[in-house]
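Today I want to look at how two neighbouring chains meet in this model.

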Amino acid sequence: MATYTKRVHYKNRKRQINVGARPGSIIIPDDAVKPQIVIYSFNETDLQTSKGTDMKAITQQIKKCKDHTHWIKINGLGDAALIEDIGTFLDINQLVLEDIVNTHQRPKFDEYDGYVFGTSRVIYFNKENELVNCQFSGIVKDNIIISFEESHLDYFEAVTTRLKAGKGIIRVGGPGYIFYALTDTILDNYFVLLSQIGDMIDTTEDKLYQRPDKSIMFDAQQLKRTLIIIRRSCWPERDKINDMIRSESDLISKDTKLYLRDAYDHCIQAMDMVESYKEVTSSIIDLYLSMVSNRMNEIMKVLTIISVIFIPLTFIAGVYGMNFSREDAHGHLIPDNMPELYMHHAYIYALLLMFFIGAGLVAVFWKKGWFNKL
Amino acid sequence: MATYTKRVHYKNRKRQINVGARPGSIIIPDDAVKPQIVIYSFNETDLQTSKGTDMKAITQQIKKCKDHTHWIKINGLGDAALIEDIGTFLDINQLVLEDIVNTHQRPKFDEYDGYVFGTSRVIYFNKENELVNCQFSGIVKDNIIISFEESHLDYFEAVTTRLKAGKGIIRVGGPGYIFYALTDTILDNYFVLLSQIGDMIDTTEDKLYQRPDKSIMFDAQQLKRTLIIIRRSCWPERDKINDMIRSESDLISKDTKLYLRDAYDHCIQAMDMVESYKEVTSSIIDLYLSMVSNRMNEIMKVLTIISVIFIPLTFIAGVYGMNFSREDAHGHLIPDNMPELYMHHAYIYALLLMFFIGAGLVAVFWKKGWFNKL
Amino acid sequence: MATYTKRVHYKNRKRQINVGARPGSIIIPDDAVKPQIVIYSFNETDLQTSKGTDMKAITQQIKKCKDHTHWIKINGLGDAALIEDIGTFLDINQLVLEDIVNTHQRPKFDEYDGYVFGTSRVIYFNKENELVNCQFSGIVKDNIIISFEESHLDYFEAVTTRLKAGKGIIRVGGPGYIFYALTDTILDNYFVLLSQIGDMIDTTEDKLYQRPDKSIMFDAQQLKRTLIIIRRSCWPERDKINDMIRSESDLISKDTKLYLRDAYDHCIQAMDMVESYKEVTSSIIDLYLSMVSNRMNEIMKVLTIISVIFIPLTFIAGVYGMNFSREDAHGHLIPDNMPELYMHHAYIYALLLMFFIGAGLVAVFWKKGWFNKL
Amino acid sequence: MATYTKRVHYKNRKRQINVGARPGSIIIPDDAVKPQIVIYSFNETDLQTSKGTDMKAITQQIKKCKDHTHWIKINGLGDAALIEDIGTFLDINQLVLEDIVNTHQRPKFDEYDGYVFGTSRVIYFNKENELVNCQFSGIVKDNIIISFEESHLDYFEAVTTRLKAGKGIIRVGGPGYIFYALTDTILDNYFVLLSQIGDMIDTTEDKLYQRPDKSIMFDAQQLKRTLIIIRRSCWPERDKINDMIRSESDLISKDTKLYLRDAYDHCIQAMDMVESYKEVTSSIIDLYLSMVSNRMNEIMKVLTIISVIFIPLTFIAGVYGMNFSREDAHGHLIPDNMPELYMHHAYIYALLLMFFIGAGLVAVFWKKGWFNKL
Amino acid sequence: MATYTKRVHYKNRKRQINVGARPGSIIIPDDAVKPQIVIYSFNETDLQTSKGTDMKAITQQIKKCKDHTHWIKINGLGDAALIEDIGTFLDINQLVLEDIVNTHQRPKFDEYDGYVFGTSRVIYFNKENELVNCQFSGIVKDNIIISFEESHLDYFEAVTTRLKAGKGIIRVGGPGYIFYALTDTILDNYFVLLSQIGDMIDTTEDKLYQRPDKSIMFDAQQLKRTLIIIRRSCWPERDKINDMIRSESDLISKDTKLYLRDAYDHCIQAMDMVESYKEVTSSIIDLYLSMVSNRMNEIMKVLTIISVIFIPLTFIAGVYGMNFSREDAHGHLIPDNMPELYMHHAYIYALLLMFFIGAGLVAVFWKKGWFNKL
């Protein structure tokens, strides 16, 4: 497995800015993928699925199954005409269409005449372990829900599986319930993401205690940034779910609102985890910095103590290495010039002197507690 | 007693994530313990107790004592069938049942048609001195309160004792009062926990002043984390109690609400203590870091001063250790090459020179105040 | 006078925790002092005072002066029977009585049927210069106010003096006005306390500028903690006064509310001062740490520069102290081995070389500005 | 391209303060540029443009096209008479006129009798890469919108282009829609600005990882300040747009409010980006400081280790450089004075001793892990 | 000009605390100056001015000009009798009078029966460059406004000048407008003060970039404290103005409220500037600390590198300074004792060895990038 440091690579498309552009302009980014459309038409007993890439597939299916609920699942936003056609077909405001293709929206829930519109952030680590932060949006009108995803990824597999199985209220809850189920899946994936991040934090913490090195600082900073990205999605997501709960539109049924209250709790739990993880990450950084500083201090202290012990000894050796002569320029003896050098046992005495000075310094430092770890 | 650093070991079960699972799914974690059921049926004069492990024990007892208040105390959540049966018997929403077994709920209080549901966090140090953070939940309906605990621990012993003694309003307050009593016991245990943490803080602070070492940093960080866990439970607990006070359900009587106001005050006091302890812990860290830095500075300063005093002395010794000869290649005297070496008392003068330079440096540093402790 | 570091000694009784105890239990702490009772019965023209230690003294006095306002001043909470008797006599809720003896309440104001109850924190430095943080509580019912203090200290002397003097509205304002007057005295004492803390801050700041040492860090941290204790009392005190102003009870007259608005302003001013002092304390810590670091840097810099200047000089001395011989093993002259040693004026040249290297290094460092204070 | 450090140069005019001046005084700053007026008069099918520099140009055009919508675009505020004339012509409050020329307003939206007034901050990097922070204000009354800009810059080119093209609702939306379009253009330019800042952050971050130097600190601090300036405009801009949405004036039509909701979302997105960028900038500073400290520590550690290894070796060399003589003053042999010097292979032994001491120290340090990077 | 460090000297009178004093006591501080009274009586066409020091001057003037608006301007609070007399004359609550002489009020606006009362903080640098923070208070009743200032300073000269000139609505706006005009002048002076502080910040910043020294830290801390003082006045001032705008009293006319909205905007702008300046000050401190640390690191690094290069060289010189003899005790040649010393060119080789070791170390350090500035 790749190490963490490389793992959090942010895969973000640059926001396209068109200064002064007419509001509601549908400008498709260059790297948007071509849409794939799957239409699920279902009622309590029947489920019909059809695929396509353009508006015709949609209209045909809707005509065919008049009394069914339709979930039009669009993966890929790279076709301006399709978006426009859907807008015309369902009579959707231009600003909503713009929000669908301009994939930098914060999670929000807006009510319009006859339909509701919501967006969420879909965040996950892809197979290359890059952090992907893309947009999900959905429109609910009459018996139709249209979901827009940025990629061909089968992100909502769990929901389609449940839909095919046909258990629970998923077939009878109407398009509002499908919208809730998609939102709930996104929230569930936040927990998956947070659990991955939790593992990364554990790994980083283990590294901190076992073999700390400077990558910890980078890892912790990256974890922090990832958590900030999630938090920036969680907070407005909570508001969005709250708006849905308080919505007076018929499209969100009373039963669905009960489930949304549950999703609301999940959202708050996710925010709680994000905050906890942020605090753990901060404490990892604090501990790491404290460890670095402690270790550095310890090294410097021991080394400096060694230096200081030898300094006076080397000085004494230097003194007795001086060449003060015993004879003056006329060859006369100068008895007071370094008489120690000519004494019996002088060398032994000098070595003893050095030893006692060294031992004395060690004793003083010991008594001052400078050898204790701090 | 084990030292503190080892004491705060977090015993948390990993959250199980089932992406896109049907909301209301009852998925029992693998390590959940099998439930033990005790049913207390009581009125002002009578108390009947029965035990069991399945639904039958509950229904029999309820049938037997029709006019009693029933407290069904379930310890252990490891039996999905039991939870489902209780749900069916009392007509409880699936989402509530899911919240009971998914033991990562924040404290909350929800009102439903005919019954109320609440959860709290039960936090304590177990016998191995690990911090356990598990969930209590309770349902109150008609004359029945069902309490769900994660373990077989006799956590609410104080309440059962009072119930058996039969004093006070515990026998006549109805199931809502029992629910309050359980919540109040949890709050009381927060104070026990905070008092244990207070002792740990005292221990850490004593260590700081008496024999500071680097374990202080770890201890303080762990204390901080423990306090954060408690705070994360206290804040929503306060909201929960407030919701109970403002509840319009008949299940929470006016008298019980008076007691809940008291519990509300306790909850705020606990939050106050948590905040105080957090600030004390932070100031311990600040003081420790300042002490480390001070001590390191002091050591470095003294040692560096010693070095600097000897440096010029050693240099002088080195100068007079140079071998500049008195004779050139031809054997002629060079009178100006190091004449000091051949002077009377030169050695004494050299030693005196060294002494005065050393003393001079000491004097300069002294005057500059470099020997003062800062 | 004792130095400040020793001054802030926290004299706090440990909170007693009785897990699961019946709410409203009156459990007297072991170190509670026996109560002394003084009863002031007064109207505009008359003031009668009686003393006692039990309920009888109270009932007698109240019987005797039926139309007077009574202030029953109880100093000391060490008599459970007295508290219970008062509770029975005035028909006070058990929870209120519990709050009176459990002296860890936050300031609060509660209205009950026919009476009101309030608590405040009494904070002061006692004669041993310890910070005492104890509780005042009061009950106002009909024409009676009962005040409860933890100690025998004559804390409200100013109020009793005014009462005896009989000026102002104190004799005619009713028990609610007395309650206000007591609260106001507590607030006034906060200003006394803050002024003492202001003096301590001035002392610490003077020390910082004149003879900084490491006690500053401890002092500042202790000041911070003391300020946090006061803030924790001020905030809920403000809410309490606000609750009193908005109270609809007849016991707090409209005139008294005008005075309470004044007390409210005082409370906010106290909070303002606490915040200011906290910021000053923080800036003292910041400045101290910066000064320590500056001074340490300066010392290290000067000393290191000295070392570095001497290092090349000592090296040169070392080079000319080498014993490379002028003769090889066969006694033949080796003219290229250290010919400098045998040159005329070589010693002078060597000394000059050393001098110029040293001066050159000084010049380079000077030019780089390393001698400037930073 | 100039480096970033030079780039953020703040081009702010000093605020002129006239203490106690009559409110509503129109005091033109000395460096205000002379106004250029362009008047666009348009309806769904027709667009007439005229230019001028004084009031006459305005009145003529308005007289000429009675049923058109008029956009009077004033670039430059350096003509007090013109401002006064416009005030008289449209009956505008003096305080509004003062706000127009005193170009330090926060974004705001005020409603008056019959007209509305709004200001925004126009922030951009000019051609000299200086950050310009100037003011836009607009008055909407009847069928007229007057926009005031500080400079002759063609900042709203995109809007005039759309107006000339005549597509969309720009020609039929009334003056309120024009006001929205101008506000929206300002917001779009915030994204342009933020994208430039994003590039600067990327550059700084690249520098951090590839060739960190101390300019990073300056760059990051300047980025922070720039972001603070933008945030100070974004927050009140959001409130302003909200005020416009909730306005009950007919001048802001219901359709325009729909677009304003869109602008509101954009404003929140800009604030989100500002916050993200601030956090990234902070983490750059943290990482840089950590890198500097790490690198310094590493250098100091390696160098100190080298010193310490050589210290005992140099001491030994010093010992054997001492001149303890083999003969005393009388020429007698002193056999115990440094006999090592006269032993066979003594030199080799000494070198080996030094080698083993050095190697031993290296081994000890290695084992202690001091060579590991931390 | 005095340097800034000395400039911010806080000239604050100590708060006088009278524990338990009767609320409404008028206690004049010892250093309060004797009042000077100027009475301006004016209507649209007439302005009469009279001076005095006691109540008689006021009553005479009011009697004389019955239909005029009166502005009684009192400079100095050192006369308790005057304050009492005014209180009696206008029937003002004792608490208001206490607030006037107890000059530590936060800005506030209170409505009473028939009159309104407001206070503001007057903050400025006096001629000695001390920061003065004193109190302005004003009472508006019927056609009278009484303003109270602490000193004889002609602070409101601009307003009296406008009053004498008689232009604008100042003569016809009533006493409420005068009260607004005084408040507005105080706000204008906040901008003057902030502009002085802005200059100080510029000076400090210039010093930071050109000749940083440790006074920067002190200056920045003092600037911060000054800004905190201003902020503490601005926030409640804003609330006060808001209270005035929402006041239902007839004394604040609808026209005046329009001007107050303008003042409200100014107050928020001042708060904005304070926040900006605080952030700039913080970033100055951060940059300074970073610069100090950078410079110290640079010095230490260069010096340490020099040391390390010479350490092995000095060691080699030491080795060849050892006195291992060529002859043993019996005068026999020991050929293996330091044969290098007797080799041809040995000295040159030794010097070359030293040179290459030194050059090698420099090369290694260079390659490791230790000479780069970080």
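**Entry 1: one pair.** I went to E279(E) and found it in a salt bridge with R232(D), with 3.3 Å between the closest N and O atoms. I'm keeping in mind that this is a predicted model. I then looked up the total for chain D and chain E, which is 7 salt bridges. I also checked polar contacts between chain D and chain E: 11 residue pairs, both partners at pLDDT 80 or more.

**Entry 2: what chain D brings.** Next I asked which elements of chain D give two or more residues to the side that touches chain E. My list reads α4 (94–101), β5 (108–112), α7 (215–246), α8 (254–319) and α9 (346–367). α8(D) gives the largest share, 17 residues. Sorting the residues on this side of chain D by type, I got 33 nonpolar, 18 charged and 12 polar.

**Entry 3: the whole interface.** I noted 63 residues of chain D in contact with 67 residues of chain E. Together the two chains bury about 5700 Å², and carbon and sulfur atoms account for 61% of that.

**Entry 4: symmetry.** How is chain D related to chain A? I found that a rotation of 72 degrees, with a shift of 0.1 Å along the axis, superposes chain D on chain A at an RMSD of 0.1 Å. That is how a five-fold axis relates its copies. In chain D, G321(D) has the C-alpha nearest the axis, at 4.7 Å.

**Entry 5: which surfaces?** Only 10% of the interface residues of chain D are also interface residues in chain A, so I wrote down that the copies meet through different surfaces.

How values were computed:
Residues numbered from 1 in each chain as written. Chains lettered and ligands numbered in written order. Predicted model: local features only at pLDDT ≥ 70, side-chain atom pairs only at ≥ 80, totals over all residues. Heavy atoms only, no water. Contact = heavy atoms within 4.5 Å. Buried area = accessible area lost by both parts, 1.4 Å probe. Salt bridge = Lys/Arg side-chain N within 4 Å of Asp/Glu carboxyl O. Polar contact = N/O pair within 3.5 Å; in protein donor to acceptor, adjacent residues only side chain to side chain. Helix = DSSP H or I, 4+ residues; strand = E, 2+ residues; numbered from the N terminus. Nonpolar A, V, L, I, M, F, W, Y, C, P; charged D, E, K, R; others polar. Least-squares fit on C-alpha atoms with pLDDT ≥ 70 in both.
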